[in-house]
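The following exercises are to be worked through with the sequence and the structure at hand. Each task is followed by a solution in steps.

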Amino acid sequence: SHGNKEVFSCRGILLAVQWFWDRGHKDITVFVPLWRKEQPRPDVLITDQYILRDLEKKKILVFTPSRRVGGKRVVCYDDRFIVKLAHESDGIVVSNDTYRDLQNERPEWKKFIEERLLMYSFVNDKY
């Protein structure tokens, strides 16, 4: 949302990570699809890609798998990675996604998502 739905803003990810880091949270994991590493296309803009590489080197960011099959991009369902890790590590999920489909997949995830989903917004660069 930092890129106003016009660009994928890596700076927005960094601002969110910094917000939690400044409050003493050190066990932070960011999931981003692997294809965000690729050279951006005019129809899929991305800004400050170097931030993704920096966060990956610091072991804060994990790229979720994706591949090309017959010229088309195939991505994994990364929502499951997010909820599974947060549930197993007794963490929280920071997202504006309600994960409605995953709430129905596992009963223990339904309660977890209801209680541990932290939605957010940006006002310019303020998280």
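**Exercise 1: A residue in a loop**

Glutamine 49 is placed in the loop between β3 and α2; helices (H or I, at least four residues) and strands (E, at least two) are DSSP runs, numbered from the N terminus. The model is predicted, so local features need pLDDT of at least 70 and side-chain atom pairs count only at pLDDT 80 or more, while totals for chains, interfaces and linings use all residues. Residues are numbered from 1 along each chain as its sequence is written, and side-chain values use heavy atoms, with hydrogens and water left out.

Task: Determine whether glutamine 49 is buried or exposed, and list its contacts beyond its neighbours within four places in sequence.

Solution.
Step 1. Buried means under 20% relative accessible area, exposed over 50%, and partly exposed in between (1.4 Å probe, protein chains only).
Step 2. Glutamine 49 has a relative accessible area of 16%, and therefore it is buried.
Step 3. Contact means heavy atoms within 4.5 Å. Setting aside neighbours within four places in sequence, glutamine 49 is in contact with Cys10, Arg36, Lys37, Glu38 and Pro40.

**Exercise 2: The length and packing of a helix**

Task: Check the span of helix α1 (residues 10-22), and state what its buried residues pack against.

Solution.
Step 1. The expected span of a helix is 1.5 Å times one less than its number of residues.
Step 2. Helix α1 has 13 residues, so it should span 18 Å; its end C-alpha atoms are 18 Å apart, which agrees.
Step 3. The buried residues of α1 are Cys10, Gly12, Ile13, Leu15, Ala16, Val17 and Phe20.
Step 4. These buried residues pack against β1 (8-9), β2 (30-33), β3 (46-47), α2 (50-57), β7 (93-94) and β8.
Step 5. After α1 comes glycine 24, with a positive phi near 95°.

**Exercise 3: The nonpolar core**

Task: Identify which residues of the largest nonpolar core touch the most other members.

Solution.
Step 1. A nonpolar core is a set of buried Ala, Val, Leu, Ile, Met, Phe, Trp, Tyr and Cys residues joined through side-chain atoms within 4.5 Å.
Step 2. Among the 18 residues of the largest nonpolar core, Ile13, Val30, Val32, Leu52 and Leu61 touch the most other members.
Step 3. At least two residues of this core come from each of α1, β2, α2 and β4 (61-64). The largest share, six residues, is supplied by α1.
Step 4. Another core, of nine residues, lies apart from it and includes Val83, Trp109, Phe112 and Ile113.
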